[in-house]
Amino acid sequence: MKKLNLVLTTLALTFSAGTAFAASACDPGERVVKFSHVTGGTTHPKVVAANNFADRINKEMNGKLCVVVYPNSTLFGDSKELEALLLGDVQLLAPSLAKFGSYTPKYGVFDLPFIFKDMDQAIRFTKTPEGKDLLMAMKDNAGFVGLGYWMSGMKYFSANKKLILPSDAEGLKFRVQTSDVAKAMIKAMGASPQAMAFSEVYGALQTGVVDGQENTWSNIYTKKFYEVQDSITETNHQLLAYLFMTSQDFLDSLSPADRAQFLAIADEVTQEANESVKAKEAANRANILKAGGKINTLTPEQRQIWVDTMKPVWKKFQGDIGENIINAAAGA
Ligand code: SIN
């Protein structure tokens, strides 16, 4: 990789045409490793972590590997990225753990409403034997390998009307990721779930195709959802985290020494990303307010009503996820 790779990935962030420019920054003889993801902006935890990973590989494995980051669904969006990894058209992804339903039901644990009080608890779970085993949940059926869990934030509801209690959401349509748990959760509120790719959410909120959505501060800020919603309610009801992942085929294609170096860098970047994610979320919450977005806070009593409404959803998924996994997450 020629110098200035960070600048180049930043250019790729801004212009879709920049992706070709970024790839051309690789030196002849270097193997191009494509990293596709769907988030944007410059302050988003996934954007920062993906760029850090590219930067580290491109410096420390210079001459061998050249990671090119394609953010903002510019290479593959939600519906195509896993298929692209299966086909070897991309080598690195970091999809939300809520998007793996066609490959494994086990990641549903990360989606269970109110299972994690905060990201610290989720990080503790990922370090338990159950959490570590889940990194390889799709190795046998799809050849996918989890390199690490990247936390993104807790999730909050927004809508085109103020939501204080779940009953305020009755009859509304909410965009959800392709997660059966999320769909069941929305139905428990008396609302209708509509699964949709992340890149389509702003337009769907703007045109009224859906009334609301649920996401982290960083996604709500960088995608400007606050512009087309009445307000955001601090429900803290669910986690959003990513599986930083590759394929076994790609790992097998590296020499043992290169593979060890690649995996060590992946591990260090993961630790670093998770250490800095809370600060990024707090900064993007403040950015929303600065930009004119409205945030509703809940009293403990109001929040308890959300918990009581959604918690029954757990039972429905216990069999598919596994009781041992749910207990490890809830008790972490
Ligand atoms: C992401 O943060 O990668 C996208 C989350 C979403 O689809 O809501």
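A polar contact is a pair of N or O atoms within 3.5 Å. Keep that cut-off in mind as we walk through this structure, which is a predicted model.

Let's start at the ligand. A polar side-chain atom of Tyr 242 lies 2.5 Å from one of the ligand's oxygen atoms, so this pair falls inside the 3.5 Å limit for a polar contact. The protein covers 100% of the 260 Å² of accessible area that the ligand has on its own.

Where in the protein does the ligand sit? Its place is the largest cavity. Around the ligand you will find Val 38, Thr 39, Lys 46, Lys 99, Arg 175, Gln 177, Phe 198, Asn 215, Asn 219, Leu 240 and Tyr 242.

Domain 1 (5-104 + 122-152 + 241-277) and domain 2 (156-238 + 287-330) each supply at least three residues to the shell around the ligand.

Finally, look for the cysteines Cys 26 and Cys 66, which are joined by a disulfide with an S to S distance of 1.9 Å. A search of the whole structure finds 1 disulfide. Why is the disulfide of Cys 26 and Cys 66 called left-handed? The torsion about its S-S bond is about -75°, and that is why it gets this name.

How values were computed: Residues are numbered from 1 along each chain as its sequence is written. This is a predicted model: local features need pLDDT of at least 70, side-chain atom pairs count only at pLDDT 80 or more; totals for chains, interfaces and linings use all residues. Side-chain values use heavy atoms; hydrogens and water are left out. A residue is near a molecule or strand if one of its heavy atoms lies within 4 Å of it. A polar contact is a pair of N or O atoms within 3.5 Å; within protein, one must be able to donate a hydrogen and the other to accept it, and residues adjacent in sequence count only if both atoms are side-chain atoms. Accessible areas come from the Shrake-Rupley method with a 1.4 Å probe; for residues, only the protein chains shown count as cover. On a 1 Å grid over the protein atoms alone, a cavity is a set of points where a 1.4 Å probe fits but cannot get out, and a pocket is an open set with protein on both sides within 12 Å along at least five of seven lines; lining residues have an atom within 4 Å of a point. A molecule sits in a cavity or pocket if more than half of its atoms lie within 2 Å of its grid points. Domain bounds come from an automatic or database domain assignment. A disulfide is a pair of cysteine sulfur atoms within 2.5 Å.
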